[in-house]
Amino acid sequence: MYLFLSLISSDKFRKIVVYSSILLTSYIVINLFFKQSTGTFNSLNVAILAILIIIWTILFFYEQLTKPADSNQLFIYSTPSFWIVTAYLIYFAGTFFLFIYSQNKNLEADSEFSMQYSFINSVFVLLKNILLSIAMFTKTDSKSPGKYRTQTY
C-alpha cells in the first residue's frame, strides 16, 4: 500500500488505495478471528489482495498516461516506478488464477499439483525479480525533482 501511496499523486486515487486497504485489512482480521481455521492455505485472501494490487497498478498507469508529459521524463519506462509497478502487476496477474485454483487442491509436497503450482509460481517470482532488478538499475535524472532523486554528498 505504501508503495502505491508514494507513487500516485491524485488525491482521488490515493483515497481509493487507502479505503480499499482498510477494507482488505478488516476483511482479513474478521476472517482470522471468526472463520474456522482448517490449517490450509487460504487463497481467497490472496486472490482479493491480487485484485486490489491489479486495480492499484491500473490506477498508477492511468495517472501516468493522463498527466502531461514532463520535459525531463519523456518515456514512462525510463523510471524505476514503472518497472516496480509492472513487476507486481505481472506477478499478481499471473498467479491470480493459480491462487484461486489452489483453494481446494492438495498441496502436499509430492503431489502432482504441488509440483505444477511450484513451477508456475516460481516462473512468476523469477519474472518479478528480473523486473525489480531492472528497476534498480534504471538511471534517473538527478536534476529533476522527485521521489527517486539521488543525493550527492
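Let's start with Phe 33, which sits in helix α2, the stretch covering residues 11-34. The model here is a predicted one. Is Phe 33 buried or exposed? Its relative accessibility comes out at 60%, so Phe 33 counts as exposed; the cut-off for that label is over 50%.

Together with Val 29, Ile 30, Leu 32 and Phe 34, Phe 33 makes a nonpolar surface patch of about 590 Å².

## The chain as a whole

Now for the wider view. The chain has five helices and zero strands, so reading from the N terminus on, the order of elements is simply α-α-α-α-α.

The chain counts 153 residues, and 33% of them are classed as buried.

## Where α3 meets α4

Helix α3 spans residues 43-66 and helix α4 spans residues 80-101. Their axes come within 9 Å and cross at roughly 145°, and the crossing of α3 past α4 is left-handed. Which residues make the contact? On the α3 side the list includes Ser 43, Val 46, Ala 47, Leu 49, Ala 50, Ile 51, Phe 60 and Phe 61. From α4, the residues include Ser 81, Phe 82, Val 85, Thr 86, Tyr 88, Leu 89, Phe 92 and Phe 96.

Thr 79 has its place in the loop between α3 and α4. Despite being a loop residue, Thr 79 counts as buried because its relative accessibility is 11%, and the buried label applies under 20%.

## Two threonines in α4

Helix α4 holds Thr 86, one of the residues in the contact with α3. Why does Thr 86 count as buried? Its relative accessibility is 12%, and anything under 20% gets that label. Leaving aside residues up to four places away in sequence, Thr 86 touches Phe 61 and Leu 131. Phe 61 is itself among the α3 residues in the helix contact.

Thr 95 lies in helix α4 too. How much relative accessible area does Thr 95 have? The value is 0%, so Thr 95 is buried. With residues up to four places away in sequence left out, Thr 95 touches Asn 121 and Phe 124. Val 123 is another residue to look at from here: Thr 95 and Val 123 are 28 residues apart in sequence, with 9.7 Å from C-alpha to C-alpha.

Note on methods:
Residues numbered from 1 in each chain as written. Predicted model: local features only at pLDDT ≥ 70, side-chain atom pairs only at ≥ 80, totals over all residues. Heavy atoms only, no water. Patch = residues over 30% accessible without salt bridge, like charges linked within 9 Å, V, L, I, M, F, W, Y side chains within 5 Å. Areas by Shrake-Rupley, 256 points an atom, 1.4 Å probe, with all protein chains shown as cover. Salt bridge = Lys/Arg side-chain N within 4 Å of Asp/Glu carboxyl O. Helix = DSSP H or I, 4+ residues; strand = E, 2+ residues; numbered from the N terminus. Buried < 20%, exposed > 50% of the residue type's maximum accessible area, 1.4 Å probe, protein only. Axes fitted to C-alpha atoms, helices over the stretch in contact; angles between N-to-C directions. Left-handed = near helix turned anticlockwise from the far one by under 90°. Contact = heavy atoms within 4.5 Å.
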